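Subject: Structure handover

Hello,

Here is the structure I promised to pass on. Please open it and keep it beside you while you read.

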Amino acid sequence: MSQQESVRILTRIFRATSGARPVLLLGAGASFSSGVPTAAESVKRLAKRVYAEQVLGGAVPPEQVRLTEWQTWLHDQLWYLKGDDRLAENFPLVVQHLLKPAEYRKQLLLDLIHPTNGIGKGYRRLAELVVKGLVSTILTTNFDTCLPAALGALRHHIGHIAEVNRQSGDLNEFSLYARAQIVWLHGRAEQYSDKNLVEEVQQLDPELVGKLTPLLADSPLVVIGYRGSEPSIMEHLLRDGAAQTNKFKNGVYWCVRKGETLHPNVEAFQRQIGSNFEALEIDGFDELLDQLSRGLKSEDRYLHAAAKGASASVAFDDQPVADVAVADLDHDLMIATLKEYCEKLGRPPVTTNTLPGLLREQGLLIQREGKEVPTTGCVLLFARDPQRWFPHAVISTSIGGKKRRVFDGNLITQHRNLIEWLGEKDANPVLKMKKRTTHDERPAYPERALVELLVNMLVHRDYGRSDPALITVSPGENVRFSNPGGLPDSVVAQLELDDGGRFKPRAEVSALRNRALCDIFFGIRAMERAGTGLVDVEHMLTDHGGETEFINDAPGERFTAVVRQPIASAGSKSVARDERPTEVYVLNFIPFVSIPDTISVARLTGPWRNRPTHLPIDEAGTFTVQGDQYVWSFAPLPMLLAVFGGYADKNASRAWRRSEIETDPDRRRVLSWLLRKHFERHLRNFALRGLILEEGKNRGRRAFFEGNSGGARCYVYDSPARKNIQRWVVKQRGPDGYKAWFENEGFGYEVTQMDGIWGIRIKPFYMFTGRDAKKPLPSFARTAKATRRIKLDRNQNVDNDLTFWGRFLSQGAQTINLGQQHVDDLILGGTFVSVEVIEEESGGAADQCPNPKAA
């Protein structure tokens with residue numbers, strides 16, 4: 001029986017024309033979606049609450065405390081039992097160590113049973129049925145406030161709401177004819193009457209049972225979300241009451257979630273009342289009540305639950321954006337970003353299946369009117385086109401009053417592109433830094449200082465204001481970051497500002513305007529929560545020989561940070577004085593940010609070479625064949641077996657965990673082949689741009705550009721700093737005519753692991769071709785030309801080559817989805833790995849690495 005069939009049965013029972021009003025019996029399953037927590041979830045909520053009230057002093061509401069704050073603090077407690085699988089074990093420890101004194105413990109435990117996700121859809125729909133008089137008495141084994149809160153929201157329509165058995169003997173409000181009546185079968189926690197111990201759930205108050213029996217004798221009983229384990233309900237109320245109700249002559253309709261079975265107590269009760277018992281399959285409490293309410297819409301006037309407007313206390317980045325769909329978000333970017341986030345916090349890696357749950361936990365997806373809606377923070381971070389909803393969420397840049405550029409896209413994209421732009425010589429030129437006896441070449445500004453101010457601009461901006469965020473470079477003088485939104489009053493109160501709003505930053509004096517944005521940027525290691533960002537910038541500029549200025553323009557509601565380059569030497573814009581360097585090393589390694597956890601291996605009944613010609617192998621997606629008889633794929637095993645049909649041995653085929661495969665050297669090798677197959681299929685998409693795979697090679701995998709119509713080829717692309725960049729990827733080097741030859745850019749590639757992370761290693765090279773600019777020259781000729789070409793290469797050239805190939809392969813995106821057919825979460829990063837190293841005066845990283853800038 002499907003839920004649709006169950007709804008039809010219940011609709012008949014609830015109709016206004018039905019002779020007897022149904023009575024509902026609700027269990028814990030009805031409150032699960034409202035956020036009434038399990039023991040493990042209780043640990044999280046209590047820790048978040050205590051952190052907000054005791055560590056932050058109540059300055060921040062608990063719902064705005066981020067995972068990276070309370071979890072880090074909780075894990076630092078000496079008594080805490082670490083491990084996700086032990087979270088529930090910490091509940092008594094949390095109560096013992098954190099919930100002090102006794103009155104505070106009482107307050108928090110009572111608050112815990114209130115719905116943290118808001119009143120669930122099912123309860124709201126149930127309240128509407130009560131308003132319309134289609135149901136009036138609801139029995140519940142729960143202690144939470146979902147039901148009274150849902151009814152209370154419509155009290156102006158319902159009138160008085162009777163609550164029966166809140167404590168022992170509290171039966172005065174019971175009535176067979178009540179308009180709205182809640183019967184607390186096990187009492188209420190607020191009155192210290194809740195019964196949870198084994199001895200307390202053996203029997204109900206006999207007087208309560210006596211009052212309920214006449215009602216149950218004349219009413220259908222609908223049970224939802226109740227498992228049936230307590231003897232007090234199953235034996236004392238139902239089985240003992242069967243004789244007095246003529247075996248529940250109006251019927252008992254026991255709702256069971258799809259795939260679940262009846263508890264033995266319920267089966268015994270079913271046998272007792274026979275055909276008066278009917279089991280109904282449902283998808284869930286919320287789904288059932290929602291569908292039931294829609295089916296009963298015309299039975300009486302339909303009341304929508306009052307839309308709960310956004311509270312003024314809800315931060316702008318936590319507010320829902322109603323007209324944004326989940327499909328408007330960049331799924332691959334979320335996987336890549338949140339994988340790094342989870343790694344930072346020591347949580348299991350996020351997958352396609354766990355992504356929605358993590359977004360909900362982070363408050364980036366919230367429920368509104370029965371559907372999931374991304375918040376402003378989620379849209380700003382991950383939307384494919386956030387300017388569609390927030391056109392002002394861009395950063396405008398200029399250099400010397402010219403070279404104006406507007407950086408748009410989501411904040412993760414802006415962060416990446418602006419870091420690259422700030423690293424260009426136009427924005428951060430190289431100066432000759434004079435030392436005591438010599439000079440050195442250094443950037444005008446510490447790169448980390450510029451990045452720190454950029455992140456500060458992205459995460460602390462007031463996105464509710466429509467005025468622009470600006471980065472202006474005055475060559476030879478300063479870089480100015482100007483952001484909408486002044487400092488919060490709580491921060492201003494702790495600083496000393498002059499009449500112009502200038503101030504000196506103080507360590508740990510900070511506030512988070514956009515907690516959701518800060519949380520993600522902290523999780524990807526782009527910022528720290530210690531509140532030292534501006535102080536660090538000040539110290540970095542001082543050490544570098546420069547200066548800083550921080551201004552809070554309260555009337556204009558803007559924050560401005562200015563960094564000034566080291567004092568010019570004799571008025572020169574290219575010579576200055578200063579101290580110590582850092583160096584960035586770009587590794588020729590692009591990491592996979594997401595790989596499926598399961599690999600399907602289908603065993604064929606015969607050799608691959610003898611496979612039937614009618615098999616629709618094009619529908620199998622990307623796969624590789626091992627030993628002429630095993631097909632490996634990231635696609636689901638049932639799909640793979642369906643493609644190969646009878647030519648696959650289903651019993652000998654299986655889905656492997658990737659962790660199992662990686663422990664075996666032979667299987668690891670096949671896994672690398674499969675990853676390479678996906679990468680090569682991606683490369684074949686560039687054939688129209690002139691990139692081809694070198695064929696016929698037993699060792700080494702390479703791709704290179706062919707000439708355009710027998711001549712040179714120019715590739716045009718954009719970078720964060722410039723547009724319409726021309727790169728001649730195929731150049732003519734020899735004379736015209738039959739002696740002509742060409743230099744074609746290309747790269748070798750291999751799948752490998754670095755520090756346990758799978759990735760693609762890229763090695764740029766030059767292919768030398770004949771006069772058609774396609775066919776490679778003989779190997780001896782290529783070797784001679786390559787030797788001469790190497791002499792011309794320098795580190796900066798190699799660095800530029802890697803930057804180009806990274807942008808070409810990703811087409812400027814943050815990620816590269818290699819999944820192709822049937823695979824959602826095989827994602828390659830969009831950039832090469834880079835490492836920033838502080839170098840010493842001698843014996844530094846540059847002395848140890850033979851190839852600075854490109855290792």
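Below is what was found in it, from the whole chain down to single residues.

**Ground rules**

This is a predicted model, so local features need pLDDT of at least 70 and side-chain atom pairs count only at pLDDT 80 or more, while totals for chains, interfaces and linings use all residues. Residues are numbered from 1 along each chain as its sequence is written, and side-chain values use heavy atoms, with hydrogens and water left out.

**The whole chain**

The chain has 26 helices and 34 strands. Helices (H or I, at least four residues) and strands (E, at least two) are DSSP runs, numbered from the N terminus.

Of the 855 residues, 52% are buried. Buried means under 20% relative accessible area, exposed means over 50%, and partly exposed is in between (1.4 Å probe, protein chains only).

The chain exposes about 40,200 Å², and carbon and sulfur atoms supply 48% of that. These areas come from the Shrake-Rupley method with a 1.4 Å probe; for residues, only the protein chains shown count as cover.

Now the contacts, meaning heavy atoms within 4.5 Å. Take those between residues at least 6 apart in sequence: 68% join residues at least 24 apart.

**Cavities**

Rolling a probe the size of a water molecule over the atoms shows where empty space is left. How many cavities of 30 Å³ or more does the structure hold? There are three. A cavity is a set of points, on a 1 Å grid over the protein atoms alone, where a 1.4 Å probe fits but cannot get out. Grid points are joined across faces, edges and corners, and a volume is the space filled by probe spheres set on the points.

The largest cavity has a volume of about 40 Å³. Its lining is Leu453, Asn456, Met457, Phe481, Ser482, Asn483, Phe559 and Ala561. Lining residues have an atom within 4 Å of a point. Helix H17 (447-460), strand E15 (478-484) and strand E18 (558-564) each give two or more residues to this lining. Five lining residues are nonpolar, three are polar and none is charged. Here Ala, Val, Leu, Ile, Met, Phe, Trp, Tyr, Cys and Pro count as nonpolar, Asp, Glu, Lys and Arg as charged, and the others, Gly among them, as polar.

**Salt bridges**

Side chains of opposite charge can pair when their charged atoms come close. The structure holds 36 salt bridges. Each is a side-chain nitrogen of Lys or Arg within 4 Å of a carboxyl oxygen of Asp or Glu.

Look at Arg66 and Asp318. Their closest N and O atoms are 2.6 Å apart. Arg66 is in the loop between helices H2 (39-55) and H3 (67-75), and Asp318 is in the loop between helices H12 (285-295) and H13 (331-345), so the bridge ties together parts 252 residues apart in sequence. Arg66 is buried at 4% relative accessible area. Asp318 is buried too, at 14%.

Next, Arg564 and Glu549. Their closest N and O atoms are 2.9 Å apart. Arg564 sits in strand E18 and Glu549 in strand E17 (residues 547-553), so this pair ties together parts 15 residues apart in sequence. Arg564 is partly exposed at 27%, whereas Glu549 is buried at 15%.

Then comes Arg360 with Glu372, where the closest N and O atoms are 2.2 Å apart. Arg360 belongs to helix H14 (residues 355-361) and Glu372 to strand E9, 12 residues apart. Arg360 is partly exposed, at 43%. Glu372 is also partly exposed, at 25%.

Leaving out residues up to four places away in sequence, its contacts include Pro320, Val321 and Leu364. The C-alpha atoms of Val373 and Ala325 are 6.7 Å apart, though 48 residues separate the two along the chain.

Gln814 is in the loop between helix H25 (795-810) and strand E32 (815-817). Gln814 is buried at 18%. Beyond residues up to four places away, Gln814 touches Leu333, Ile412, Thr413, Arg416, Gly829 and Gly830.

Ser136 lies in the loop between helix H6 (121-131) and strand E2 (137-140). Ser136 is buried at 17%. Setting aside neighbours within four places, Ser136 contacts Ala178, Arg179, Ala180 and Gln181.

Best wishes

How values were computed. 1 Å grid on protein atoms, 1.4 Å probe; cavity = no way out; pocket = protein on both sides within 12 Å on 5 of 7 lines; lining within 4 Å.
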